[in-house]
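Hi,

Here is the model I promised to send over. Have a look at it first, and then read on for what I found.

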Amino acid sequence: MLTTAFALVFFYAPTDADQGIVQKIFYVHVPMAIVALCGFVAGAVLAIAHLRTGDRRWDMRSYVAIHLSIVLAVGVLLTGSIWARQAWGQWFVWDEPMLVVFLIVFLLYATYQPLRFSIEDPEKQARYASVFAITAGAFVPLCFGAVRMAENLTHPQAATMTTSGPASVSQTFLVSLLGMGLLFVTLCKYEMASKNATSKLRSLRRRLAGDDEFGALPTGRSAAPTL
Amino acid sequence: MISPVIAATGDGSVAAAYLVFLFLVLAYLAIMAVKLARIEREVVQIVEDLDRREAAAAGAAPATRSKEPVG
């Protein structure tokens with residue numbers, strides 16, 4: 001899907017008359033930003049499910065969603081800086097609310113892993129991380145809603161760009177967004193499978209270690225949730 | 001070094017942005033592949049330890065599980 005999207009970007013979508021070819025960064029930057037922010041909110045929803053049920057699998061899902069969203073957020077900041085350098089002549093514009101809010105959200109979530117790592121007790125770690133995920137997840141739509149209502153935005157708005165241009169722009173953007181969403185879901189499943197396998201292995205080792213010295217390995221402190 | 005023509009038209013920037021995305025995805029997949037390889041090694045180790053344990057339980061006999069390829 002992403003390959004199709006990128007083929008559409010370079011062979012179907014028109015080159016912007018105002019910005020030129022640099023506008024093509026929009027098709028990777030904006031879907032990544034939207035999926036990353038949705039991932040943060042999804043992390044909060046999954047954390048609510050964890051606190052409601054007490055099932056640690058929800059905590060693991062929340063952790064994976066937030067972890068992947070942080071990776072995408074790094075990509076958003078880097079691709080955004082590359083675009084800003086070409087369009088505005090600066091890597092980062094500090095008086096642009098959209099950019100600063102995204103940076104704040106990113107820095108906020110950058111503390112998620114150290115928070116988890118600082119708590120040794122797995123039960124407590126999962127509970128505190130869920131509270132953090134819910135609080136930070138609520139912060140995301142609030143902040144971006146406030147920024148949307150703010151005036152004097154120089155940062156281009158995705159909705160304006162896709163609706164005011166030709167249909168090929170919105171079609172290419174939607175395919176890119178769908179591709180990015182599917183990539184996010186696929187990588188989430190991939191990481192979940194890996195984490196589940198690691199947990200099962202640890203559990204097997206613990207069970208086998210009950211009889212003799214076999215498998216008596218220290219589990220160590222980890223930011224990743226355990227089942 | 002980026003040529004002035006590329007820098008002026010922004011081709012280099014577009015390529016850089018898409019390469020950043022590609023690099024992030026590939027780096028993520030590489031890290032996950034390393035983790036999966038570690039899981040595989042642990043599974044092999046557990047199987048070998050279980051074989052040893054079964055052999056010991058059978059009374060100092062050689063490993064019962066055949067290591068020869070089937071077919």
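Before the burial figure, one cut-off: a residue is called buried if 20 or more other C-beta atoms lie within 10 Å of its own, exposed if 12 or fewer, and partly exposed in between. On that count, 33% of the 227 residues of chain A are buried. Please keep in mind that this is a predicted model.

For the complex, the predictor gives an ipTM of 0.78 and a pTM of 0.81. Chain A has an average pLDDT of 84, with 88% of the residues scoring at least 70. Within chain A, helix 2 of chain A has the highest confidence, at 93, while helix 7 (residues 158-164) of chain A has the lowest, at a mean of 64. Chain B has a mean pLDDT of 77, and 70% of its residues reach 70 or more. One stretch to treat with care is residues 1-7 of chain B, where pLDDT stays under 50. For those residues the model has 5 contacts beyond four places in sequence.

Chain A overall

Chain A is built from 8 helices and 0 strands. If you look at its contacts with a separation of 6 or more, 76% of them join residues 24 or more positions apart.

Where the chains meet

How many residues of chain A are in contact with chain B? There are 25, and they meet 21 residues of chain B. On the chain A side, helix 2 (26-53), helix 3 (56-87) and helix 8 (167-209) each supply at least two of the residues that touch chain B. Helix 3 of chain A gives the largest share, 9 residues. Sorted by class, this side of chain A has 15 nonpolar, 7 polar and 3 charged residues.

The core

The largest nonpolar core holds 54 residues, and those touching the most other members are Ile25(A), Met32(A), Ala36(A), Phe40(A), Val76(A) and Ala17(B). At least two residues of this core come from each of helix 1 (2-11), helix 2, helix 3, helix 4 (97-110), helix 6 (122-149) and helix 8 of chain A, and from helix 2 (11-57) of chain B. Leaving out residues up to four places away in sequence, Ile25(A) touches Thr79(A), Ile82(A) and Trp83(A) in chain A, along with Ser13(B), Val14(B) and Ala17(B) in chain B.

A helix pair to look at

Two packed helices are described by the angle between their axes and the distance between the axes. The axes of helix 4 of chain A and helix 6 of chain A come within 10 Å and cross at roughly 175 degrees. That angle is why helix 4 of chain A counts as roughly antiparallel to helix 6 of chain A. Helix 4 of chain A brings Pro97(A), Met98(A), Val101(A), Val105(A), Leu108(A) and Tyr109(A) to the contact, and helix 6 of chain A brings Ala136(A), Phe139(A), Val140(A), Cys143(A), Phe144(A) and Val147(A). By class, the contact has 12 nonpolar residues, no polar and no charged ones.

Not counting residues up to four places away in sequence, Val101(A) touches Cys143(A), Phe144(A) and Val147(A). Between Val101(A) and Met1(A) there are 30 Å in space, C-alpha to C-alpha, and the two are 100 residues apart in sequence.

Cheers

Technical notes
Residues numbered from 1 in each chain as written. Chains lettered and ligands numbered in written order. Predicted model: local features only at pLDDT ≥ 70, side-chain atom pairs only at ≥ 80, totals over all residues. Contact = placed C-beta atoms within 7 Å. Helix = DSSP H or I, 4+ residues; strand = E, 2+ residues; numbered from the N terminus. Nonpolar A, V, L, I, M, F, W, Y, C, P; charged D, E, K, R; others polar. pLDDT = per-residue confidence, 0-100. Core = buried A, V, L, I, M, F, W, Y, C linked by C-beta atoms within 7 Å. Axes fitted to C-alpha atoms, helices over the stretch in contact; angles between N-to-C directions. Parallel < 35°, antiparallel > 145°, perpendicular 65-115°, else oblique.
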